[in-house]
Amino acid sequence: MGLFHCPMGCAYYEDEPCIDCGLCLATTQEEMVLASQRIRDYLRVHAENRKGPSRKIAVCGKGGTGKTTAVALMAAAFRELGFSVLVIDLDESNPGLRRMLGFGQAPKPLLTVMGKGPKGEKPKEAWFTREEMGIRDIPGEFLQGGDSLRFLMAGKIEDPFQGCACSLADLARDLVQKLVLRDKEIILIDTEAGVESFGRGVERHVDTVVIMVEPSAESIALAEKISYLADGIGVKKVRAIPNKIPSEKIGQRVAEELEKRKIRVLGTLWVDDQVSEASLEGKGPSPHSNAQRCMKEIVQRLLGESL
Ligand code: SF4
């Protein structure tokens, strides 16, 4: 199968259903378009059970839009509101999220559940082969933190010729699917920048995609693309947070552009020296920063609209 990445995950997990979409056998553009349509139709039909409160949230966006900072702010806001948060770091290159959350030590990467066999070998660790599990069933070595905030890392590309990041995405997608959340538990996923994670179907089992948008045409265009891809993958709720906004006027303009593209804006994060200073020091924003206050309102809005 070479570098082909089955959107259903069939290459890695025998229990994932092959839906006979034909994508892996497609040789022409026409066949690929038809196969993609079959996948979209299948996911739409099977996405109905993802209505309801936002519990599994993927934060996406163009590189540099502040996804990682937003995840740190969101995690703090959810905690303040009494939630227990599992943060999944799915950005295979950026090591900053762990530090922003205040963890010195990295947990064992999820990638290590895979055996060192030929490509396509099933995960070796027994806990990962369960069909369903709670956050508390994840072995402690894969987590940093305690009850109100846990951090899990899919893995990082550290060495030359280590291979592509598809298996990280497959594992994370599978884990998110298996996790059954208790009341007041939330999963936040920091995805890789851009749209590659959608090509890998990472967001397939999330119920909400939050797009970080900076004031630029490229970022707005990518937000539109992400919204389209999220819809195609069956995600019912797509929201945007304009970030690094320097003035009310620019904020209004970005919001209008997003509304034109039918992307609902949850709230705005403004240019904030405190956030930049903390970033330079490799720390998360202060709990007393404006950004944190704004994010708390954004999270309350997100919770309020889904209940
Ligand atoms: S037919 Fe579709 S679902 Fe089945 S293995 Fe090929 S790409 Fe995956």
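## A walk through the sheet, core and ligand shell

Two strands are said to pair if DSSP finds at least two bridges between them. Helices (H or I, at least four residues) and strands (E, at least two) are DSSP runs, numbered from the N terminus.

A word on what you are looking at: this is a predicted model, in which local features need pLDDT of at least 70 and side-chain atom pairs count only at pLDDT 80 or more, while totals for chains, interfaces and linings use all residues. Residue numbers start from 1 along each chain as its sequence is written.

**The chain as a whole**

The protein chain has nine helices and eight strands. Of its 307 residues, 42% count as buried. Here a residue is buried if 20 or more other C-beta atoms lie within 10 Å of its own, exposed if 12 or fewer, and partly exposed in between, with C-beta atoms placed from the backbone. Among contacts in the protein chain with a separation of 6 or more, 73% link residues 24 or more positions apart. Two residues are in contact if their C-beta atoms, placed from the backbone, lie within 7 Å.

**The sheet**

The eight strands form an open sheet with mixed pairing, in the order S3-S4-S2-S5-S1-S6-S7-S8. Strand S3 (144–145) and strand S8 (264–265) stand at the edges with a single partner strand each, so one side of each has no neighbour in the sheet. Helix H6 (residues 217–232) packs on the sheet, where it touches strand S1 (56–61), strand S6 (208–213) and S7, and its direction makes about 170° with that of S6. Helix H7 lies across S6, S7 and S8 and runs at about 160° to S7. For these angles, axes are lines fitted to C-alpha atoms, for helices over the stretch in contact, and angles run from 0 to 180 degrees between N-to-C directions.

| Strands | Sense | Bridges |
|---|---|---|
| S2 and S5 | parallel | six bridges |
| S2 and S4 | parallel | five bridges |
| S1 and S6 | parallel | five bridges |

Valine 85 has isoleucine 186 in S5 as its bridge partner, and valine 87 stands opposite phenylalanine 151 in S4. Further along, cysteine 60 stands opposite isoleucine 211 in S6, while valine 213 is bridged to proline 242 in S7.

How well covered are these strands? Six of the six residues of S6 are buried, so this strand is largely enclosed by the rest of the structure. Both of its faces are covered: Thr208, Val210 and Met212 are buried on one side, and Val209, Ile211 and Val213 on the other. Strand S2 (residues 84–89) is mostly covered, with five of its six residues buried.

**The nonpolar core**

In soluble globular proteins, nonpolar side chains tend to be buried together. A nonpolar core here is a set of buried Ala, Val, Leu, Ile, Met, Phe, Trp, Tyr and Cys residues joined through C-beta atoms within 7 Å. The largest one has 73 residues, of which Ala75, Ala172, Leu188 and Ile211 touch the most other members. Helix H2 (residues 67–80) gives the most to this core, with nine residues. Leaving aside neighbours within four places in sequence, isoleucine 211 is in contact with Cys60, Gly61, Ala223, Ile226, Val238, Ala240 and Ile263.

**Residues worth a look**

Aspartate 174 sits in helix H4 and is buried, with 22 other C-beta atoms within 10 Å. Its C-alpha atom is 9.7 Å from that of threonine 129, 45 residues apart along the chain.

Two lysines have positive phi values. Lysine 184, with phi near 70°, is in the loop between helix H4 (166–178) and strand S5 (185–190). This lysine 184 counts as partly exposed because it has 13 C-beta neighbours inside 10 Å. Lysine 244 has a phi of about 60° and lies in the loop between strand S7 (237–242) and helix H7 (248–260). Lysine 244 is buried, with 22 other C-beta atoms within 10 Å.

**Around the ligand**

Which residues surround the ligand? They are Cys6, Met8, Cys10, Cys18, Ile19, Asp20, Cys21, Gly22, Leu23 and Cys24, counted as near if the C-beta atom, placed from the backbone, lies within 6 Å of the molecule. By class, this shell has eight nonpolar, one polar and one charged residues. Ala, Val, Leu, Ile, Met, Phe, Trp, Tyr, Cys and Pro count as nonpolar, Asp, Glu, Lys and Arg as charged, and the others, Gly among them, as polar.
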